Amino acid sequence: MKFHNDHADFFVPDGVEPGAAIERTTHLCISAHQDDIEIMAYHGVAECFGRSNRWFSGVVVTNGAGSPRSGIYGDYTDEQMQKVRLVEQRKAAYVGDYACQIQLGYSSAQVKNAAETAVVDDLKRILLAARPEVVYLHNLADKHDTHIGVALRSLAALRAVAAETKPRKVYGCEVWRDLDWMVDDDKQALAASERSNIAAALVGVFDSQVSGGKRYDLATAGRRLAHATYFASHGTDQESAMNFAMDLTPLVENPGLSIADYVLGFVDRFRADVARRLPK
Ligand SMILES: [Zn+2]
């Protein structure tokens, strides 16, 4: 597949020819950075792991430039660090049995620029080739501007090819801000209990981030356990790990729907839920 950046990376863990590799995709995650996929979309990885009729593919839009670095990575140049992060993402794709892993190599500034058509073009090409049933994006209440940028460019691409691709479900997932605050009726509860060994390994391979002092491995597992435990106040836990997602499917099915109004609707329902438990 041809992308705008010459250095874009297309990796197929099982060595199948690229066209066939992406065509088998049923579950697709589009994330901003290396390691976001493994934090936000483990549900999709677990749904597909080891199955012949379901395949998970990952897309990382940015190049990992400007990542924090310490320890053995402390004196790495920005270019060396980008290489480390690219290889780490390939390791995750191998461990997670992905259909393919695409890294588009854009800068954060390009991703955040709504007038940059190259990002949307690449994403449209991927969506048309993959025709996923389920899509995982960053949620639109995330606090990282690059995550929001990637989610907005992804929605633009999804809207542009909606007639040809028709994904059954589009989820907005948790990385930099979880979704426990949403009212329970709005929460899309995504099971993440299966194969905790693989779930742990997937976040664990990003050594440059974890040993840089941020324990994403422990925090990700902790968030999933907390969600599973606190989701329902009675009854026993069906799941030992869970992620929450925001349903973004209506934004794709109805391109006229205002993105801001739709997302603020979740906030309004949360506000009303808090207000109704308190004296007037
Ligand atoms: Zn990120």
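Two strands are taken to pair if DSSP finds at least two bridges between them. Helices (H or I, at least four residues) and strands (E, at least two) are DSSP runs, numbered from the N terminus. The model is predicted: local features need pLDDT of at least 70, side-chain atom pairs count only at pLDDT 80 or more, and totals for chains, interfaces and linings use all residues. Residues are numbered from 1 along each chain as its sequence is written, and side-chain values use heavy atoms, with hydrogens and water left out.

V60 stands opposite Q103 in β4. Strands β3 (residues 56–62) and β4 (residues 100–106) pair in the parallel sense, over five bridges. Both belong to an open sheet of eight strands with mixed pairing, in the order β1-β4-β3-β2-β5-β6-β8-β7. The edges are β1 (9–11) and β7 (188–191), each pairing on one side only. From one strand to the next the twist averages 25 degrees; axes are lines fitted to C-alpha atoms, for helices over the stretch in contact, and angles run from 0 to 180 degrees between N-to-C directions.

A189 stands opposite F244 in β8. Buried means under 20% relative accessible area, exposed over 50%, and partly exposed in between (1.4 Å probe, protein chains only).

Helix α6 (residues 117–130) lies across β2 (27–31), β3 and β4, and runs at about 170 degrees to β4. Helix α7 (residues 145–160) lies across β2, β3, β5 (134–138) and β6 (169–173), at about 145 degrees to β5.

D122 lies in helix α6. Its relative accessible area is 0%, so D122 is buried. Beyond neighbours within four places in sequence, D122 is in contact (heavy atoms within 4.5 Å) with F3, H4, L104 and Y106. Its side chain makes a polar contact with the side chain of H4 at 3.1 Å. A polar contact is a pair of N or O atoms within 3.5 Å; within protein, one must be able to donate a hydrogen and the other to accept it, and residues adjacent in sequence count only if both atoms are side-chain atoms.

The zinc ion is coordinated by H33 (ND1), D36 (OD), D36 (OD) and H147 (NE2), at 2.1 to 2.4 Å. H33, in the loop between β2 and α2 (36–40), and H147, in helix α7, are 114 residues apart. Both H33 and H147 are buried.

Definitions and conventions:
Donors are N, O and S atoms within 2.8 Å of the metal (3.2 Å for Na, K and Ca); water is not among the atoms, so sites may look incomplete.
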